[in-house]
Amino acid sequence: MKNIKIIVALIVFLSFQKVTAQTNEAVVHGKITNPIEGLVIRLFDPVSSQTVNITPLADGTFKETIKLKQPTYFNVFYDKFFVLYLDNQMDLDINFDAKSLSKTLIIKGIGEKENGFLRSKAKLEGELFGTDYEAFFNIEQAPFDTKMNKFDTDVKSELEKQKSGLDASFVTTQLKKLE
């Protein structure tokens, strides 16, 4: 009799649990400190040419729900560029100061680890190209190959360090990009 009461109580408890529906969308929201009047946040997918424009409110807050068919890498522009990875069910809180976007960009929420890796990779790219990317592309073949091989090794090493917290398909895509 005691076991039956426990089973009934468990069934009642479980029946009240919230069921989360799977959706084909991602939510992007946050706040821009020192917003630039009239400037929209532009997300552009260079593969599909999909563009999403998000208009921040006067106080710099914004929120947008984006329908996705597949995981997508967006080039984001708001006076400066950064890369944003979005997949269904992601909910990202993005905050930055418009006067110093690259130094103040903070991405939190579901998908923050993948986007954190992309920030690490962008830093390595900056180190690779230096301040004059044209000079980088004009160096002799041997030093160019050496620098590219070091970059590939550094990105793979960073990916390996962060791998346990990343989505497996994201890791696979990042490795394919290095081939």
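How many nonpolar, polar and charged residues are in the lining of the largest pocket?

1. The model is predicted. By class, the lining of its largest pocket has 15 nonpolar, six polar and eight charged residues. The volume of the largest pocket is about 740 Å³.

2. A total of 29 residues line the largest pocket. Closest to its centre are Asn75, Val83, Leu118, Ala122 and Glu125.

3. Several elements give two or more residues to this lining: β5 (72–77), β6, α2 (101–104), α3, α5 and α6. Helix α3 gives the most, with seven residues.

4. Helix α3 also packs against two helices. Take α5 to begin with. The axes of α3 and α5 (residues 141–162) come within 10 Å and cross at roughly 160 degrees. An angle over 145 degrees counts as roughly antiparallel, so α3 is roughly antiparallel to α5. The crossing of α3 past α5 is right-handed.

5. The α3 side of this contact consists of Lys113, Gly116, Phe117, Ser120, Lys121, Leu124, Glu125 and Leu128. They meet Lys147, Met148, Phe151, Asp154, Val155, Glu158, Leu159 and Gln162 of α5. By class, the contact has seven nonpolar, three polar and six charged residues.

6. Now α6. The axes of α3 (residues 112–129) and α6 (residues 168–177) come within 11 Å and cross at roughly 20 degrees. Angles under 35 degrees count as roughly parallel, so α3 is roughly parallel to α6. This crossing is right-handed.

7. On α3, the contact with α6 uses Glu114, Phe117, Leu118 and Lys121. On α6, Phe170, Gln174 and Lys177 take part. The classes are three nonpolar, one polar and three charged residues.

8. About 50 Å³ of space lies in the largest cavity.

9. The cavity lining is made of Val28, Ile41, Leu43, Ile54, Phe62, Val76, Phe82, Leu84, Ile94 and Phe96. By class, that is 10 nonpolar, no polar and no charged residues. Strands β2 (41–44), β6 (81–86) and β7 (91–97) each supply at least two residues of this lining. Strand β6 also gives two or more residues to the lining of the largest pocket.

Key: Residues numbered from 1 in each chain as written. Predicted model: local features only at pLDDT ≥ 70, side-chain atom pairs only at ≥ 80, totals over all residues. Heavy atoms only, no water. 1 Å grid on protein atoms, 1.4 Å probe; cavity = no way out; pocket = protein on both sides within 12 Å on 5 of 7 lines; lining within 4 Å. Points joined across faces, edges and corners; volume = space filled by probe spheres on them. Helix = DSSP H or I, 4+ residues; strand = E, 2+ residues; numbered from the N terminus. Nonpolar A, V, L, I, M, F, W, Y, C, P; charged D, E, K, R; others polar. Axes fitted to C-alpha atoms, helices over the stretch in contact; angles between N-to-C directions. Parallel < 35°, antiparallel > 145°, perpendicular 65-115°, else oblique. Left-handed = near helix turned anticlockwise from the far one by under 90°. Contact = heavy atoms within 4.5 Å.
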